[in-house]
Each structure stands twice: as C-alpha cells, then as structure tokens.
Amino acid sequence: MVGVAVVGAGNWGKNLVRNLAALPGAELRYICDLNEKTRLAMAQAYPKSRAIGDMAIALHDPALDAVVVAVDAPAHYKVAKAALDAGKHVYVEKPLTLSSAEAQELTDLAASRGRKLMVGHLLEYHPAVNYMKDLIARGAVGKPLYLYFQRVNLGIVRTTENAWWSLAPHDISVACYLFDATPTSVSATGHAYLQEGVEDVVFANLKFADGRMAHIHVSWLDPHKIRKVTLVGSQKMVVFDDMDASEKIRIYDKGAEVQRRSVESYIEAITLRTGDILIPQVPTGEPLQIECQHFLQCVEKDTKPRSDGADGVRVVKVLEAGSRSLAQGGEPADV
Ligand SMILES: NC(=O)c1ccc[n+]([C@@H]2O[C@H](COP(=O)([O-])OP(=O)(O)OC[C@H]3O[C@@H](n4cnc5c(N)ncnc54)[C@H](O)[C@@H]3O)[C@@H](O)[C@H]2O)c1
C-alpha cells in the first residue's frame with residue numbers, strides 16, 4: 001500500500017483523486033486544496049481521506065509515501081519541490097514546470113534523494129498509443145516518416161498558459177515516445193485572439209535529426225472537438241482517433257514506392273499502393289488509471305517511471321523552443 005496525498009483537486013485533480021481512491025495499491029490519506037468548497041465536496045465524497053488546505057500537514061506524516069501534484073501549472077515547481085524536500089515520491093501533472101531549469105532541478109533533486117519523479121504525460125499510457133508504438137517496433141508500418149497531431153476544441157480557455165503550453169505537452173510527449181527521439185528544432189506560429197499575449201491557436205513543426213517530422217495543431221478556439229494522431233510510414237499509415245469510442249485505431253495499407261533507377265522519369269517511377277483498412281481490437285482501459293497504477297508500481301517496486309523527470313525536461317525544452325519560435329514569427333528555434 002502506497003500512502004498518497006493529492007494536492008490540487010480541481011477540474012483534473014478530481015480525476016486523479018477518483019482513481020487513487022479506488023486503486024487497491026493506494027491508500028489515499030489526504031486530499032489537499034486551497035479552495036474551501038472543493039475541500040468540502042471532497043470530504044463528503046471521500047470520507048476515508050482527510051481534506052486539508054495546508055500541504056505541510058500531509059508532508060509531516062511519516063505514513064505518507066507519495067504526493068500527486070495537480071495544482072495549476074505555475075505552482076507545479078513549488079509544490080513538487082516541497083514534497084521532494086520532505087522525502088516523498090512525486091507525480092506532477094504536465095507540463096512538469098514552466099522552465100526547463102526548474103524541471104532539471106526537480107529531476108536532480110529526486111535522484112539525489114532516491115525518490116521517484118513522474119510526469120503526467122497521460123498519452124504515453126494510452127492503450128492506442130502503445131498499440132502504435134508496438135506497430136512501429138515490429139516494423140509493421142515500415143519506416144516511420146512523419147506524424148501529425150490535431151488537438152482542438154472550443155475551451156478550456158486558460159489565462160496563465162497559452163494553448164501551446166496547455167495542450168501540446170501531450171502531443172510532444174507522444175511524438176518523442178513514438179519516435180524514441182528528441183526533436184532538434186521547432187518552428188511555431190500562432191495567434192492570441194481572445195486575451196493579449198495568450199495564444200489560442202498554435203501550429204508547430206518539430207524536426208528530428210534524421211528527417212522525421214511531427215506537426216502539432218492545438219487550439220481552444222475551434223468548432224470541432226478533434227483528438228487525432230496520424231502516423232505516415234513507408235509501408236502503412238495509422239490513424240488514432242481518441243474521439244471514436246470503439247474504433248480508436250485504423251491501419252491503412254497505403255503507401256508510395258519510388259524506383260529511381262529503373263525508369264527515366266520520376267513520375268513513372270513512383271508507384272502508389274492502396275490496400276485494405278484494418279480496424280484492430282485495441283486493449284481497453286482508462287489511461288489515467290493505467291498511469292496511476294504505473295506510478296504506484298514504480299514506488300513499490302523501485303522501478304523507473306516511463307514518463308520520468310528526464311522525459312518531463314525534454315518536453316519542457318521543446319515547449320520553450322516553441323515559445324521562442326512563436327516570439328520570432330515562426331523562425332526555427334533549436335531545442
Ligand atoms: N493530463 C491531462 O489530460 C490534464 C488535463 C487537464 C489538466 N491537466 C493538468 O492538471 C493541472 C490542474 O489543472 P486543472 O484544470 O485541474 O486546474 P484547476 O484550476 O481546475 O485546479 C487546480 C486546483 O489546485 C488548487 N491549488 C492551487 N494551488 C494549490 C496549493 N498550493 N495547495 C493546494 N491546492 C492548490 C486550486 O484551488 C484548484 O482547485 C494542471 O497542471 C493541468 O495542466 C492535465
């Protein structure tokens with residue numbers, strides 16, 4: 001049993017509370033939130049846990065092993081650092097922090113204290129993303145060429161972070177996870193239509209050293225609710241549609257082959273191939289529950305989290321490069 005406190009039980013934190021209260025490997029000892037109404041609601045819904053306003057009460061408890069941080073992003077660093085300083089294992093929602101220097105500091109602090117630091121890169125635990133990763137590993141798509149992500153909806157409009165920092169951590173983490181690599185540069189353009197200085201929509205291009213690319217379109221000012229990842233490989237193309245309840249993955253047996261030596265003209269040398277579309281059975285399971293279970297197991301078995309501090313630092317570095325590019329009108333910025 002891992003003794004856990006959730007700090008921040010707002011819109012997202014309450015989902016972490018729900019999962020951690022139900023998982024047999026966790027004892028949810030504290031739910032901490034500054035907001036009194038939230039505390040009252042939590043105390044009613046989870047009478048076995050203590051609803052508190054001051055995290056220090058939980059940090060002094062020797063039976064508390066781990067702290068799950070789901071406060072708003074600007075407060076991640078301070079709350080996570082206090083928990084690590086108190087010798088607790090820490091899970092932090094994405095993005096790990098708002099600067100890579102702070103993300104690195106937390107990673108180093110966790111290592112020096114022998115504690116786990118895990119980041120809530122939720123999609124790395126999504127069964128459909130792992131299905132795609134397995135397809136790539138088995139060579140089933142041929143050579144992975146490029147990816148593109150669409151994460152658009154109307155809302156939730158944030159005031160402190162722009163759409164890039166709020167939404168793109170998911171896509172950046174998946175791009176790095178599927179390609180097993182870190183991009184070398186980012187070029188991003190976007191615009192702030194609703195609030196000065198807070199971009200509502202961003203189009204970003206991540207370049208990898210070997211020519212692979214990932215394009216990310218994020219927006220909270222869009223008529224469609226789309227959560228889609230498209231992977232184009234040399235032999236097959238794969239689409240993951242998270243809005244489709246039952247058919248999350250489609251594998252298109254489509255491709256193009258270039259045989260430059262056999263004929264003189266390029267047009268004649270390119271053969272297009274269109275075959276069947278396969279809709280495979282993808283394992284089910286709530287990604288957040290799988291993610292929470294993974295964190296508990298890492299604490300119990302002393303193993304490295306999949307989305308560890310280093311993964312968190314990498315994503316924040318890409319976010320920072322994207323911000324620099326946005327400020328320079330789309331000029332590529334090195335990661
Ligand atoms: N993984 C995902 O898919 C996903 C989705 C949404 C949000 N998030 C992340 O979850 C985090 C929270 O987002 P949200 O939408 O729930 O925000 P929110 O504003 O709804 O909730 C934040 C809560 O934290 C509380 N809080 C702030 N500082 C605190 C402190 N020092 N001690 C105790 N409580 C404190 C606030 O009172 C509030 O209730 C953010 O980091 C966000 O990026 C992740």
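1. In this note, contact between residues means that heavy atoms lie within 4.5 Å. The structure under discussion is a predicted model.

2. The contact applies to helix 6 and helix 7, where Val129, Asn130, Met132, Lys133 and Ile136 of helix 6 meet Val174, Tyr177 and Leu178 of helix 7.

3. Two packed helices are described by the angle between their axes and the distance between the axes. For helix 6 (residues 127-137) and helix 7 (residues 163-179), the axes come within 9 Å and cross at roughly 30 degrees. Angles under 35 degrees count as roughly parallel, and helix 6 is therefore roughly parallel to helix 7. The crossing of helix 6 past helix 7 is right-handed.

4. The model also contains an open sheet of nine strands with mixed pairing, in the order 14-13-12-11-7-10-9-8-15. Strand 14 (270-278) and strand 15 (333-334) form its edges; each has a single partner strand, so one side of each lacks a neighbour in the sheet.

5. Helix 10 (residues 309-327) packs on this sheet, where strand 8 (185-191), strand 9 (201-207) and strand 15 are touched by the helix. The direction of helix 10 makes about 55 degrees with that of strand 8.

6. Within the sheet, strand 7 (residues 144-154) pairs with strand 10 (residues 213-219) in the parallel sense, over seven bridges. Leucine 147 has alanine 214, in strand 10, as its bridge partner.

Technical notes:
Residues numbered from 1 in each chain as written. Predicted model: local features only at pLDDT ≥ 70, side-chain atom pairs only at ≥ 80, totals over all residues. Heavy atoms only, no water. Pairing = 2+ DSSP bridges. Helix = DSSP H or I, 4+ residues; strand = E, 2+ residues; numbered from the N terminus. Axes fitted to C-alpha atoms, helices over the stretch in contact; angles between N-to-C directions. Parallel < 35°, antiparallel > 145°, perpendicular 65-115°, else oblique. Left-handed = near helix turned anticlockwise from the far one by under 90°.
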